[in-house]
Amino acid sequence: MSEFWLISAPGDKENLQALERMNTVTSKSNLSYNTKFAIPDFKVGTLDSLVGLSDELGKLDTFAESLIKKMAQSVVEVMEDAEGKVQENLLANGVDLTSFVTHFEWDMAKYPAKQPLVGVVDTLAKQLAQIETDLKSRTAAYNTLKTNLENLEKKSMGNLFTRTLSDIVSKEDFVLDSEYLITLLVIVPKPSYAQWQKTYESLSDMVVPRSTKLIAEDKEGGLFTVTLFRKVIDDFKTKAKENKFTVREFYYDETEIEREREEMTRLLSDKKQQYGPLLRWLKVNFSEAFIAWIHIKALRVFVESVLRYGLPVNFQAVLLQPHKKSATKRLREVLNSVFRHLDEVAAASVLDASVEIPGLQFNNQDYFPYVYFHIDLSLLD
């Protein structure tokens with residue numbers, strides 16, 4: 001499973017023994033794979049400041065998770081023709097996300113532990129805000145280009161009634177620059193080809209004999225040319241409609257057709273030029289955002305552990321990876337039982353959801369006798 005539980009317990013002898021019991025039970029019962037999660041000692045400051053940081057880190061955690069989801073989705077959208085290779089581009093420090101989490105080490109160069117906690121949090125917040133700003137601008141430009149290209153491509157799809165004809169017709173199909181004559185395009189149902197050939201010259205006066213030619217077909221019918229005098233256009237259209245022949249409104253404009261072709265070529269070229277740099281940016285900054293997110297998780301464990309267990313700082317963080325979804329309920333029961341002594345009231349509420357505690361309200365999905373945070377990588381699959 002790509003799900004992790006990040007917990008902590010006090011670092012005294014009793015609780016270290018409880019952690020050992022947890023490791024033994026979860027290992028024997030094949031409930032989870034457990035590893036120590038190293039978090040440096042930070043400058044704590046006042047407990048009041050930690051309470052404020054706790055709220056700020058909660059919001060930053062949510063923001064970071066949302067951001068990396070957006071970036072993962074952007075990679076999927078950019079790699080539209082190679083979706084099977086998306087996971088190869090969602091890495092952190094060059095390794096897969098699970099490996100990064102299970103082998104996490106605090107980056108002292110980026111986030112020095114010697115500076116005040118508020119400074120570390122501010123650095124992370126500014127970094128993520130900048131990535132989000134850049135993501136919006138870069139993907140907006142690419143998506144606009146992609147949408148324009150898709151709109152042009154859609155014009156060349158569909159049936160003969162709706163699709164563009166600029167890539168079908170040629171100059172030789174039309175009588176151009178004539179004061180009296182004009183070439184029309186008529187859509188004829190396939191079963192009516194013979195009827196068209198027999199009747200088109202007599203649908204109105206002044207139709208040029210033997211002027212029809214089939215220039216394109218789709219599943220329903222064909223596109224025929226016919227040349228006639230301009231003065232009988234309306235009469236010809238009326239008679240054609242009566243015979244279930246449809247005159248397609250189209251006037252050959254070589255300049256406009258060439259402009260459309262050049263626009264398609266330009267958009268294809270621009271998309272190709274932007275694809276590589278955008279994908280590289282997404283890969284690099286997805287990694288940066290994900291790394292920042294796991295550092296935020298570590299900070300949350302530190303802050304909540306100090307608030308929960310008090311000073312001096314002394315706790316042990318552990319990363320658990322449940323082996324399967326069906327085992328999570330049993331794993332939760334083991335943890336609540338092993339660490340029940342940390343908070344008897346809370347432990348009672350989570351072990352028995354029916355217990356009512358006068359004057360206290362616990363959501364047994366959110367509160368446990370130990371510090372607990374969830375990391376779900378399946379959201380990025």
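**Aromatic pairs and an open sheet**

A search of the whole structure turns up 21 aromatic pairs, where Phe, Tyr and Trp rings (six-membered ring for Trp) pair if their centres lie within 6.5 Å. Planes under 30 degrees apart count as stacked, over 60 as edge-to-face and the rest as tilted. Heads-up: this is a predicted model, with local features needing pLDDT of at least 70, side-chain atom pairs pLDDT 80 or more, and totals for chains, interfaces and linings using all residues. Residues are numbered from 1 along each chain as its sequence is written, and side-chain values use heavy atoms, leaving out hydrogens and water.

**Ring pairs**
- Trp-106 and Tyr-111 have ring centres 6.2 Å apart and planes at 65°, so they go down as edge-to-face.
- Trp-106 is buried at 11% relative accessible area, and Tyr-111 is buried at 1% (buried means under 20%, exposed over 50%, partly exposed in between; 1.4 Å probe, protein chains only).
- Phe-339 and Tyr-370 make a tilted pair, with centres 5.7 Å apart and planes at 55°; both residues are buried.
- Ring pairs also link up a cluster, including Phe-37, Phe-100, Trp-106, Tyr-111 and Trp-293.

**Charge over rings**
- Arg-332 puts its charged end over the ring of Phe-368, 4.0 Å from the centre, and over that of Tyr-372, at 4.2 Å (NZ of Lys or CZ of Arg within 6 Å of the ring centre and within 35 degrees of the ring normal).

**Sheet**
- Four strands (DSSP E runs of at least two residues) form an open antiparallel sheet, ordered E4-E5-E3-E6; pairing takes at least two DSSP bridges.
- E4 (213-217) and E6 (246-248) are the edge strands, each with a single partner, so one side of each lacks a neighbour in the sheet.
- Val-186 stands opposite Val-247 in E6.
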